[in-house]
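Work through the exercises below with the sequence and the structure side by side, and try each task before reading its solution.

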Amino acid sequence: MTNTPATQGDAPEWNRTGHDFSQRQHLHYTGPIYDLHAHVTMTAPSDQAAGPAGGAGAAGSADSAARMLDIGQQYHVIQTVSMCPPQDIVPLRERLGDRIRFNGMINKKPEEPDSAAIDLVDRFLEAGIEIVKLWAAPRGRDRGLTLDPPWRIAALRHAIQAGIRIVMVHVGDPDRWFETVYTDSAKYGTKADQYIPLRRLMQEFSDCTWIGAHMGGSPENPEFLQELFESHPNFYVDTSATKWQVREISKRTNAIRALVTKFPDRFFWGTDLVTRHPLPEEHYESRYWCMRTLWESDWVGPSPIADPDHVPQPGEGPTPTLRGLALPTHLLQAVYTDNAVRLLQSRN
Ligand SMILES: [Zn+2]
């Protein structure tokens, strides 16, 4: 429907195509939108440019967080569920009120005792989280972060005893990374291997809602997601990770639309935006713009966002083609609004 100018060599990663983000006529959904997957943190000038975000706590600034959520509000995002270190939660809530809710990551360093994970959960519970996250990307194996080691399960049980019933998991990474990064399958396992412990946990903790981050880690394979939905009634996905979803969902819009049509209650919209101290408004805007364009419009054109995993097909430029799903309004209402409202109201 729309096209944009050619790439500019020194353009920022959030706008390689010189795109005008004020073009929003194609975004027609008027209801409130919930971002179920983001990393909104306190920030400080001394923060690292990449890696785990946040942690400055009350000594940091909430300006980046407010900047991001203000842009989100322009895109009708009224509430965002954030993963951040526990010390960031109280100052963020003070600044942002009910525009933000929290998800606590159950982690520990390899050298820390098992009790460190329980202590972390206690800090999160005290600060008022509603979800726990188990991050288990294959690259986590380098530092002992598999999905279900005993210390993590003990900490999960501790959270469940305190009333938590929502568990987000990151198990998959892009198929492409299994060709380029995780080539040592003896160390990292195959992509299919990542789902073996997840299936076991979903059965063992059957009264919990399990949310597979980033389209369950498999936007490349809607047939596989359908099988997971059918086999596990407590399995849900969030739609986050803009570059990955734009690249892969655009390649198979009919199959993904059919999947949402068949399982409309199993999707939560999310961005995976991360606040970083120096990031300008345009960075945040690029993700909101792309993630609404992808789900609700029939817009077709080069994605504005740089994507190092993009392999250009004939006729494509340096960024992937973004091809909108154009979901009908009743499905958008489920994915953007109703599923999240139901989830967050039914907690405990
Ligand atoms: Zn994330």
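**Exercise 1.** Find which residue is the bridge partner of D35 in β2, and describe how the two strands are connected.

*Solution.* In this predicted model, D35 has T80 as its bridge partner in β2. Strand β1 (residues 33–38) and strand β2 (residues 77–83) pair in the parallel sense over four bridges, where pairing requires at least two DSSP bridges between two strands. Between them the chain passes through helix α1 (residues 63–74), making a β-α-β crossover that is right-handed, that is, clockwise from the first strand over the helix to the second when the strands point away from the viewer. Six of the six residues of β1 are buried, so this strand is largely enclosed by the rest of the structure; buried means 20 or more other C-beta atoms (placed from the backbone) within 10 Å of a residue's own, exposed 12 or fewer.

Residues are numbered from 1 along each chain as its sequence is written. Local features need pLDDT of at least 70, side-chain atom pairs count only at pLDDT 80 or more, and totals for chains, interfaces and linings use all residues.

**Exercise 2.** Determine which residues of helix α7 (residues 195–204) are buried, and what they pack against.

*Solution.* The buried residues of α7 are Y195, L198, L201 and M202. Seen down the helix axis, they fall within an arc of 120 degrees, so they line one face of α7; the arc is taken from the directions from the axis to the C-beta atoms. These buried residues pack against β5 (166–170), β6 (209–212) and β7 (235–238), with contact meaning C-beta atoms within 7 Å. On the face turned away from the buried side, α7 carries the exposed residues I196, R200, Q203 and E204.

Terms used
Two residues are in contact if their C-beta atoms, placed from the backbone, lie within 7 Å.
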